[in-house]
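Take a look at the side chains in this structure. We will follow charged pairs and then ring pairs.

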Amino acid sequence: MLLPSCGLKRPWVRYIARTDALYRKNTLFPRPAGHARVPSMLRVFFRILGRRGLTALILLAVALAGGFYLGKGRVVQVPDGDTLVVLTDGGNFTRVRLYGVDCPESRQRDGPEAVEFSRNLVFLQPVTLKVMDTDQYDRAVALVRLADGRTLNEELVRAGHAWVYRRYCDAPFCAAWLDLERAARKQRLGLWRDKNPQPPWQWRRAHPR
């Protein structure tokens, strides 16, 4: 079952309305005292919170519990090496930021190579998302698992097309990713062909949006 993304209508409101209508129609079972007020209050709550706020609230709550699988989908766009647009099996477009890694920006040196690497692995391919968090741009921060079991996040580090994002990568497997980064640097793979490549977080500070 897919959890809601920002493009999904409010299934809770539809469910509540449907349940309330069944109560009104069914004369065999009396309505519990005070029941009529509960759907109305929830409808007001969801209306005030809105789709984006509700989605962010749910993502934050479950991310604090250790992440969850948003579901399966197909990658339809690769704007950056570490950013994807996924069309979920439910028909919703979800913008995804890869968890724990940071690729050179597309306008930065080695950025196009990172984009091409990600595109070759996932463009128009089925993926499974494990959402770990949401970022300031309302993107789902996720592990992106390929059909063969590999993780795009890890493969980018292994091939030398991404740094481990030490500021945000705090899961147990991040230590193994750091080993992969050191190995790629030693072999001078990808961006490590340069002796001192500029980390993308420094590049972003020098080139604000």
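**Charges and rings**

A network of salt bridges links Asp82, Arg97, Asp102, Glu105 and Arg204. A salt bridge here is a side-chain nitrogen of Lys or Arg within 4 Å of a carboxyl oxygen of Asp or Glu. This is a predicted model, where local features need pLDDT of at least 70, side-chain atom pairs count only at pLDDT 80 or more, and totals for chains, interfaces and linings use all residues. Residues are numbered from 1 along each chain as its sequence is written, and side-chain values use heavy atoms, with hydrogens and water left out.

The whole structure holds 13 salt bridges. One of them joins Asp135 and Arg139, at 2.6 Å from N to O. Asp135 is buried, at 19% relative accessibility. Buried means under 20% relative accessible area, exposed means over 50%, and partly exposed lies in between (1.4 Å probe, protein chains only). Arg139 is buried too, at 11%. Another salt bridge joins Asp110 and Arg193, at 3.8 Å from N to O. Asp110 is buried, at 11%, whereas Arg193 is partly exposed, at 47%.

Now the rings. Rings of Phe, Tyr and Trp (its six-membered ring) pair if their centres lie within 6.5 Å; planes under 30 degrees apart are stacked, over 60 edge-to-face, and the rest tilted. By this rule there are six aromatic pairs. Tyr165 and Tyr168 have ring centres 4.9 Å apart and planes at 85 degrees, so they pair edge-to-face. Tyr165 is buried, at 15%, but Tyr168 is partly exposed, at 43%. Ring pairs also link Trp163, Tyr165, Tyr168, Trp192 and Trp201 into a cluster.
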